[in-house]
Amino acid sequence: MSAALEARGVALSFGETPALRGADLIVETGEIVAVMGPSGSGKSTLLHCLAGILVPDAGEIHALGRRIDNLNEAERSELRRDRFGFVFQFGQLVPELTAEENVALPLLLGGVRREPALRRAREWFGRLGIDGLERRRSGELSGGQAQRVALARGLVGEPAVLFADEPTGALDSFTGEQVMDLLVDSARRQGATVVLVTHEARVAAYADREIMVRDGRVTSPAVAS
Ligand SMILES: Nc1ncnc2c1ncn2[C@@H]1O[C@H](COP(=O)(O)OP(=O)(O)OP(=O)(O)O)[C@@H](O)[C@H]1O
């Protein structure tokens, strides 16, 4: 296996608050890694650094065979748009858009024309068990339905890496497990690498490997054994 993502000695502070203090991590291609650890330990900050959203103060980030921490904002934004997918805790759908437009959004931003983008978006509704909801707006969806729409949006562009930050955090346990089943199944089907931040052991159990972040460092195990 080759590495999809690597953090080397990554440090980042928010003002006086150190969030990461020398985090090391290697995620292999196609691997599903759960990032666990106490509240405030730096899990989300690590995900944001690996995804090129935040730039570390020190250390290096490598993604998909290139160093990314020294790219400029436009280059990182292009990388995120073209190669990464994202799912967040509260779905963060655009309320003015229909569900299918939300799913199509990464394709539209990537330059795909509206009709083919919507066609590809619609394919996901059957796949994720939410057909019939294509024209609804986010205010007309249940939490579980909205999170499936968000998952479809994260995967529609066939990203090399899916970043999921507490994707089930706002869901009851049954709905959360349904969303995790779909996330893992779809990611494996696409061969996507997944970085999953969660504080729930039940959710982490879906991953190939669990890593622990404490006080801004990866304490166990930073590399697949
Ligand atoms: N935008 C920000 N501005 C200031 N401090 C921040 C910011 N984001 C994170 N921090 C601080 O950085 C540290 C790490 O935060 P981070 O969100 O990465 O932790 P976490 O492990 O994901 O926590 P949780 O499980 O509670 O979401 C915390 O001390 C947090 O307060």
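The model is a predicted one: local features need pLDDT of at least 70, side-chain atom pairs count only at pLDDT 80 or more, and totals for chains, interfaces and linings use all residues. Residues are numbered from 1 along each chain as its sequence is written.

I begin with the overall fold. The protein chain contains seven helices and ten strands; helices (H or I, at least four residues) and strands (E, at least two) are DSSP runs, numbered from the N terminus. Its C-alpha trace spans about 45 × 35 × 35 Å along the principal axes. A compact globule of 225 residues would have a radius of gyration near 17 Å, and the protein chain agrees, with 17 Å. That radius is taken over C-alpha atoms, and the globule rule is 2.2 Å times the number of residues to the power 0.38.

Next, the interior. Of the 225 residues, 44% are buried, a term that requires 20 or more other C-beta atoms within 10 Å of a residue's own, with C-beta atoms placed from the backbone. The largest nonpolar core has 67 residues; such a core is a set of buried Ala, Val, Leu, Ile, Met, Phe, Trp, Tyr and Cys residues joined through C-beta atoms within 7 Å. V33, V35, L50, V195 and L196 have the most contacts inside this core. Leaving aside neighbours within four places in sequence, L50 is in contact with L5, A7, I61, A63 and V195, where contact means C-beta atoms, placed from the backbone, within 7 Å.

Just after helix 3, G111 takes a positive phi of about 100 degrees.

Finally, which residues surround the ligand? They are F14, T17, A19, G37, S39, G40, S41, G42, K43, S44, T45 and H199, each with its C-beta atom, placed from the backbone, within 6 Å of the ligand. Helix 1 supplies the largest share of this shell, three residues.

Note on methods. Buried ≥ 20, exposed ≤ 12 C-beta atoms within 10 Å, placed from the backbone. Contact = placed C-beta atoms within 7 Å.
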